[in-house]
Amino acid sequence: MRIIAVSGSPRVEGVTNSILLDILEKGAEKGHFGKVVVLNRLELHGCQACGYCRKEGDKCAVDDKISALIEELPDSDMVLIGSPVYMGNVSAQLKMFIDRLYCLKDAQRKPRLKPKRALLVFSQGAPDKAYYKDMMSQVKKTLDGYNLLVEDIIVATGPDYKNDPEVKEKVEHFCSTF
Ligand SMILES: Cc1cc2nc3c(=O)[nH]c(=O)nc-3n(C[C@H](O)[C@H](O)[C@H](O)COP(=O)(O)O)c2cc1C
């Protein structure tokens with residue numbers, strides 16, 4: 001199996017990246033290939049709303065690393081998407097990536113991707129895990145609409161996530177399915 005993890009955190013050793021790497025390590029133990037793409041390391045461009053992907057071609061017209069990453073998605077079996085909560089939302093880096101997924105629907109708004117297993121990972125400072133649940137559900141709904149079928153949402157509340165039994169249990173449960 002091929003797993004792509006996309007991280008919206010600029011903190012390479014932060015919570016989001018650590019959880020994503022933990023899942024990939026567990027996958028590697030079972031022989032699955034995976035990689036984390038830290039969006040902050042790429043030259044990022046947002047969607048230009050040029051309409052090319054819906055009217056003329058079936059790809060994004062922007063020639064950059066996000067397009068290259070999106071072109072890898074059809075060959076992946078599972079997509080992990082992580083972000084810190086910034087100002088009640090996903091990070092700007094992840095939002096740019098999500099907007100760029102626009103090219104994964106055709107002119108009839110049908111998803112171009114075959115259904116993929118997906119997981120959302122969030123890290124936040126607020127101790128109440130439910131505080132941003134509406135935002136997280138909306139992100140899930142958006143991704144589901146593009147056939148990135150989010151099976152679970154893992155929420156970590158800061159650097160002490162390793163001592164959070166719920167995070168541990170959710171990571172283990174998800175990893176037990178592949
Ligand atoms: C610009 C900025 C905005 C933030 N906004 C929020 C917020 O709205 N709610 C919250 O709970 N935490 C907020 N935080 C805290 C981060 O979500 C928290 O530190 C998170 O654990 C960082 O994850 P990371 O280690 O994966 O980067 C913010 C942090 C920064 C730098």
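Two residues are in contact if their C-beta atoms, placed from the backbone, lie within 7 Å. The legends below apply to a predicted model.

**View 1. Contacts across the protein chain.** Among contacts in the protein chain between residues at least 6 apart in sequence, those joining residues at least 24 apart make up 73%. Of the 178 residues of the chain, 35% count as buried.

**View 2. Order of elements and overall dimensions.** The protein chain holds six helices and five strands. Read from the N terminus, these elements follow the order β-α-β-α-α-β-α-β-α-β-α. The radius of gyration of the protein chain is 16 Å, close to the 16 Å that the globule rule gives for 178 residues, so the chain is as compact as a globular protein of that length. Along the principal axes, the C-alpha atoms of the protein chain fill a box of roughly 50 × 35 × 30 Å.

**View 3. The largest nonpolar core.** This core comprises 44 residues. Ile19, Val79, Leu80, Leu120 and Val121 touch the most other members. In soluble globular proteins, nonpolar side chains tend to be buried together.

**View 4. Surroundings of Val121.** Val121 is one of the core residues that touch the most other members. With neighbours within four places in sequence left aside, Val121 is in contact with Thr16, Ile19, Leu20, Leu80, Gly82 and Ile154.

**View 5. The shell around the ligand.** There are 15 residues around the ligand, and Gly14, Thr16, Pro84, Gly125 and Ala126 come nearest. By residue class, the shell divides into six nonpolar, eight polar and one charged. Thr16, among the residues that come nearest to the ligand, is also in contact with Val121.

Methods. Residues numbered from 1 in each chain as written. Predicted model: local features only at pLDDT ≥ 70, side-chain atom pairs only at ≥ 80, totals over all residues. Helix = DSSP H or I, 4+ residues; strand = E, 2+ residues; numbered from the N terminus. Rg over C-alpha atoms; globule rule 2.2 N^0.38 Å. Buried ≥ 20, exposed ≤ 12 C-beta atoms within 10 Å, placed from the backbone. Near = placed C-beta within 6 Å. Nonpolar A, V, L, I, M, F, W, Y, C, P; charged D, E, K, R; others polar. Core = buried A, V, L, I, M, F, W, Y, C linked by C-beta atoms within 7 Å.
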